[in-house]
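Hi everyone, thanks for coming. Please have a look at the structure on the screen, and I'll walk you through a few things I found interesting.

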Amino acid sequence: MLARIASACLASGRNESDVELVAITKNHPAEVVAELVDLGHWHFGENRDQEASPKSLRLAEIRPDSKPTWHFVGQLQSNKVKSVLRYARVIHSIDRASLVSELAKQLPKFEGSYSGFIELNLTADPGRGGVLPENLPALAESVLNLENFELLGVMAVAGLGEDPKAEFEKVLTASRKLQELAPSANQLSIGMSEDFEVAIALGATHIRVGSAITGPRPTNA
Ligand SMILES: *Cc1c(COP(=O)(O)O)cnc(C)c1O
(Lines give C-alpha, C1' and ligand atoms only; values in the text may rest on other atoms or scores of the structure.)
Protein backbone atom coordinates (compact mmCIF):
# COMPACT_ATOMS: atom_id res chain seq x y z
CA MET A 1 0.00 0.00 0.00
CA LEU A 2 2.71 2.46 1.03
CA ALA A 3 4.68 1.50 -2.07
CA ARG A 4 1.67 2.30 -4.26
CA ILE A 5 1.29 5.69 -2.58
CA ALA A 6 5.00 6.35 -3.01
CA SER A 7 4.94 5.57 -6.71
CA ALA A 8 1.77 7.64 -7.26
CA CYS A 9 3.50 10.57 -5.53
CA LEU A 10 6.65 10.10 -7.56
CA ALA A 11 4.67 9.96 -10.80
CA SER A 12 2.97 13.27 -10.05
CA GLY A 13 5.92 15.03 -8.44
CA ARG A 14 4.35 15.14 -5.00
CA ASN A 15 5.88 14.57 -1.58
CA GLU A 16 4.71 11.48 0.25
CA SER A 17 4.60 13.50 3.43
CA ASP A 18 1.92 15.72 1.86
CA VAL A 19 -0.52 12.81 1.50
CA GLU A 20 -2.10 11.50 4.69
CA LEU A 21 -3.24 7.91 4.52
CA VAL A 22 -6.40 7.47 6.59
CA ALA A 23 -6.93 3.73 7.02
CA ILE A 24 -10.67 3.04 6.96
CA THR A 25 -11.32 0.26 9.46
CA LYS A 26 -15.13 0.05 9.35
CA ASN A 27 -16.54 -3.46 9.74
CA HIS A 28 -13.22 -4.62 11.17
CA PRO A 29 -12.68 -5.22 14.88
CA ALA A 30 -10.33 -3.20 17.08
CA GLU A 31 -7.84 -6.06 16.83
CA VAL A 32 -7.31 -5.23 13.16
CA VAL A 33 -6.73 -1.59 14.08
CA ALA A 34 -4.26 -2.76 16.73
CA GLU A 35 -2.28 -4.66 14.09
CA LEU A 36 -1.99 -1.46 12.06
CA VAL A 37 -0.94 0.45 15.19
CA ASP A 38 1.80 -2.15 15.69
CA LEU A 39 2.97 -1.43 12.14
CA GLY A 40 3.29 2.24 13.08
CA HIS A 41 0.07 3.61 11.62
CA TRP A 42 -2.09 5.99 13.61
CA HIS A 43 -4.68 7.66 11.33
CA PHE A 44 -7.90 5.67 11.22
CA GLY A 45 -11.32 6.41 9.77
CA GLU A 46 -14.79 5.16 10.56
CA ASN A 47 -18.22 5.93 9.17
CA ARG A 48 -20.68 4.89 11.90
CA ASP A 49 -20.61 6.12 15.47
CA GLN A 50 -22.34 2.99 16.81
CA GLU A 51 -19.36 0.99 15.62
CA ALA A 52 -16.55 3.52 16.01
CA SER A 53 -17.25 4.61 19.56
CA PRO A 54 -16.86 1.16 21.19
CA LYS A 55 -13.98 0.36 18.82
CA SER A 56 -12.02 3.42 19.92
CA LEU A 57 -12.53 2.42 23.56
CA ARG A 58 -11.53 -1.17 22.85
CA LEU A 59 -8.36 -0.05 21.05
CA ALA A 60 -7.42 2.09 24.05
CA GLU A 61 -7.81 -1.03 26.18
CA ILE A 62 -5.74 -3.38 24.06
CA ARG A 63 -3.14 -0.77 23.02
CA PRO A 64 -3.09 1.61 26.00
CA ASP A 65 0.03 3.38 24.74
CA SER A 66 -1.34 4.08 21.26
CA LYS A 67 -2.34 7.62 20.37
CA PRO A 68 -4.48 7.09 17.29
CA THR A 69 -6.09 9.96 15.44
CA TRP A 70 -9.64 8.96 14.54
CA HIS A 71 -11.29 10.51 11.50
CA PHE A 72 -15.05 10.41 11.08
CA VAL A 73 -15.88 10.00 7.38
CA GLY A 74 -19.54 8.92 7.23
CA GLN A 75 -22.85 10.72 7.30
CA LEU A 76 -23.10 12.30 10.72
CA GLN A 77 -26.46 12.60 12.43
CA SER A 78 -26.71 15.62 14.72
CA ASN A 79 -27.59 13.47 17.72
CA LYS A 80 -24.28 11.61 17.33
CA VAL A 81 -22.03 14.68 17.30
CA LYS A 82 -21.41 14.64 21.04
CA SER A 83 -20.37 11.00 20.96
CA VAL A 84 -18.17 11.41 17.88
CA LEU A 85 -16.28 14.36 19.37
CA ARG A 86 -15.21 12.12 22.27
CA TYR A 87 -12.84 10.17 20.03
CA ALA A 88 -12.65 11.72 16.54
CA ARG A 89 -10.44 14.76 15.92
CA VAL A 90 -11.12 15.17 12.21
CA ILE A 91 -14.64 15.23 10.72
CA HIS A 92 -14.64 14.71 6.95
CA SER A 93 -18.38 14.84 6.40
CA ILE A 94 -19.77 18.24 7.32
CA ASP A 95 -22.63 18.63 4.89
CA ARG A 96 -25.42 20.80 6.26
CA ALA A 97 -26.23 23.80 8.42
CA SER A 98 -27.99 21.81 11.14
CA LEU A 99 -24.84 19.76 11.68
CA VAL A 100 -22.75 22.93 11.96
CA SER A 101 -25.21 24.26 14.58
CA GLU A 102 -24.81 21.11 16.61
CA LEU A 103 -21.02 21.34 16.33
CA ALA A 104 -21.23 24.96 17.54
CA LYS A 105 -23.16 23.73 20.55
CA GLN A 106 -20.94 20.77 21.40
CA LEU A 107 -17.40 21.89 20.53
CA PRO A 108 -17.06 24.29 23.50
CA LYS A 109 -17.60 21.32 25.83
CA PHE A 110 -14.47 19.58 24.54
CA GLU A 111 -10.79 20.31 24.89
CA GLY A 112 -8.09 20.01 22.27
CA SER A 113 -8.38 21.07 18.69
CA TYR A 114 -10.68 19.75 16.00
CA SER A 115 -10.59 20.08 12.25
CA GLY A 116 -12.39 18.79 9.22
CA PHE A 117 -13.76 19.03 5.74
CA ILE A 118 -16.99 20.01 4.05
CA GLU A 119 -18.30 17.07 2.06
CA LEU A 120 -19.42 17.75 -1.49
CA ASN A 121 -22.22 15.91 -3.22
CA LEU A 122 -21.03 15.34 -6.79
CA THR A 123 -24.27 13.76 -7.96
CA ALA A 124 -27.53 15.37 -8.98
CA ASP A 125 -29.27 13.47 -6.18
CA PRO A 126 -29.77 15.81 -3.20
CA GLY A 127 -30.48 12.76 -1.01
CA ARG A 128 -26.81 11.73 -1.14
CA GLY A 129 -24.42 12.89 1.58
CA GLY A 130 -22.68 16.18 0.95
CA VAL A 131 -23.52 19.73 0.05
CA LEU A 132 -24.18 20.67 -3.56
CA PRO A 133 -21.26 22.74 -4.89
CA GLU A 134 -23.46 25.84 -5.29
CA ASN A 135 -24.23 25.74 -1.56
CA LEU A 136 -20.62 25.33 -0.47
CA PRO A 137 -19.80 29.03 0.17
CA ALA A 138 -22.75 29.57 2.53
CA LEU A 139 -21.98 26.43 4.50
CA ALA A 140 -18.28 27.34 4.60
CA GLU A 141 -19.11 30.72 6.18
CA SER A 142 -20.80 28.98 9.08
CA VAL A 143 -18.01 26.42 9.52
CA LEU A 144 -15.46 29.26 9.57
CA ASN A 145 -17.37 30.76 12.49
CA LEU A 146 -16.97 27.65 14.63
CA GLU A 147 -14.70 28.00 17.61
CA ASN A 148 -11.98 25.45 18.17
CA PHE A 149 -12.43 24.05 14.68
CA GLU A 150 -10.18 24.44 11.65
CA LEU A 151 -11.74 24.06 8.21
CA LEU A 152 -9.17 22.08 6.21
CA GLY A 153 -10.91 21.90 2.84
CA VAL A 154 -13.35 19.74 0.91
CA MET A 155 -14.03 16.00 0.85
CA ALA A 156 -15.84 13.93 -1.75
CA VAL A 157 -16.60 10.40 -2.84
CA ALA A 158 -16.47 9.78 -6.59
CA GLY A 159 -19.79 8.53 -7.92
CA LEU A 160 -20.09 4.82 -8.60
CA GLY A 161 -19.37 4.12 -12.26
CA GLU A 162 -18.20 7.69 -12.90
CA ASP A 163 -14.75 8.63 -14.17
CA PRO A 164 -12.86 9.53 -10.99
CA LYS A 165 -10.70 12.11 -12.78
CA ALA A 166 -13.78 14.04 -13.96
CA GLU A 167 -15.32 13.69 -10.51
CA PHE A 168 -12.23 14.99 -8.72
CA GLU A 169 -11.91 17.87 -11.15
CA LYS A 170 -15.32 19.03 -9.92
CA VAL A 171 -13.87 18.90 -6.41
CA LEU A 172 -10.88 21.02 -7.48
CA THR A 173 -13.23 23.64 -8.91
CA ALA A 174 -15.19 23.75 -5.64
CA SER A 175 -11.96 23.85 -3.65
CA ARG A 176 -10.79 26.93 -5.56
CA LYS A 177 -14.14 28.61 -4.77
CA LEU A 178 -13.68 27.78 -1.11
CA GLN A 179 -10.15 29.20 -1.10
CA GLU A 180 -11.53 32.56 -2.23
CA LEU A 181 -13.29 32.65 1.16
CA ALA A 182 -10.71 30.79 3.20
CA PRO A 183 -7.28 30.65 1.55
CA SER A 184 -5.92 28.13 4.06
CA ALA A 185 -8.77 25.64 3.51
CA ASN A 186 -6.90 24.16 0.58
CA GLN A 187 -6.77 20.49 1.52
CA LEU A 188 -8.53 17.70 -0.34
CA SER A 189 -9.93 14.51 1.16
CA ILE A 190 -10.39 12.50 -2.03
CA GLY A 191 -9.47 9.00 -3.14
CA MET A 192 -10.42 5.53 -1.91
CA SER A 193 -9.11 2.03 -2.72
CA GLU A 194 -10.26 2.17 -6.33
CA ASP A 195 -9.16 5.69 -7.20
CA PHE A 196 -6.53 6.98 -4.76
CA GLU A 197 -3.80 7.07 -7.39
CA VAL A 198 -5.90 9.38 -9.57
CA ALA A 199 -6.68 11.45 -6.47
CA ILE A 200 -2.99 11.80 -5.58
CA ALA A 201 -2.20 12.97 -9.10
CA LEU A 202 -4.87 15.66 -8.72
CA GLY A 203 -3.61 16.89 -5.35
CA ALA A 204 -5.26 14.77 -2.65
CA THR A 205 -3.92 15.59 0.82
CA HIS A 206 -5.96 12.89 2.59
CA ILE A 207 -6.80 9.56 1.01
CA ARG A 208 -9.35 7.32 2.73
CA VAL A 209 -8.42 3.75 1.96
CA GLY A 210 -10.14 0.68 3.37
CA SER A 211 -10.23 -2.57 1.44
CA ALA A 212 -6.87 -2.03 -0.31
CA ILE A 213 -5.26 -2.20 3.15
CA THR A 214 -7.41 -4.59 5.13
CA GLY A 215 -8.67 -6.82 2.32
CA PRO A 216 -12.38 -7.19 1.65
CA ARG A 217 -14.64 -6.05 4.49
CA PRO A 218 -16.74 -8.56 6.34
CA THR A 219 -20.24 -7.45 5.41
CA ASN A 220 -22.50 -6.23 8.18
CA ALA A 221 -25.72 -8.20 8.42
C1 LIG B 1 -15.68 2.95 3.26
C2 LIG B 1 -15.25 4.31 2.93
C3 LIG B 1 -13.99 4.54 2.36
C4 LIG B 1 -12.99 3.44 2.01
O5 LIG B 1 -13.49 2.64 0.99
P6 LIG B 1 -12.56 1.54 0.25
O7 LIG B 1 -13.18 1.41 -1.07
O8 LIG B 1 -12.65 0.32 1.08
O9 LIG B 1 -11.19 2.08 0.20
C10 LIG B 1 -13.63 5.86 2.12
N11 LIG B 1 -14.46 6.88 2.38
C12 LIG B 1 -15.67 6.70 2.93
C13 LIG B 1 -16.54 7.87 3.18
C14 LIG B 1 -16.11 5.41 3.22
O15 LIG B 1 -17.33 5.24 3.74
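Let's begin with charges. The structure holds 11 salt bridges, and please keep in mind that this is a predicted model. As a reminder, side chains of opposite charge can pair when their charged atoms come close. One of the salt bridges joins the side chains of Arg 63 and Asp 38, with 2.7 Å from N to O. Where in the chain do Arg 63 and Asp 38 sit? Asp 38 belongs to helix 2, residues 30–38, while Arg 63 is in the loop between helix 3 (49–62) and strand 3 (69–72). The two are 25 residues apart, so this pair links distant parts of the chain.

Now, on to the ligand. The space it takes is the largest pocket. The shell around the ligand has five nonpolar, four polar and three charged residues; among them are Ile 24, Asn 47 and Met 155.

The side chain of Arg 217 has an N or O atom 2.8 Å from a ligand oxygen. At Gly 210, a backbone N or O atom also lies 2.8 Å from an oxygen atom of the ligand. On its own, the ligand has 380 Å² of accessible area, and the protein covers 89% of that.

How values were computed:
Residues numbered from 1 in each chain as written. Predicted model: local features only at pLDDT ≥ 70, side-chain atom pairs only at ≥ 80, totals over all residues. Heavy atoms only, no water. Near = heavy atom within 4 Å. Polar contact = N/O pair within 3.5 Å; in protein donor to acceptor, adjacent residues only side chain to side chain. Areas by Shrake-Rupley, 256 points an atom, 1.4 Å probe, with all protein chains shown as cover. 1 Å grid on protein atoms, 1.4 Å probe; cavity = no way out; pocket = protein on both sides within 12 Å on 5 of 7 lines; lining within 4 Å. Sits in = over half its atoms within 2 Å of the grid points. Nonpolar A, V, L, I, M, F, W, Y, C, P; charged D, E, K, R; others polar. Salt bridge = Lys/Arg side-chain N within 4 Å of Asp/Glu carboxyl O. Helix = DSSP H or I, 4+ residues; strand = E, 2+ residues; numbered from the N terminus.
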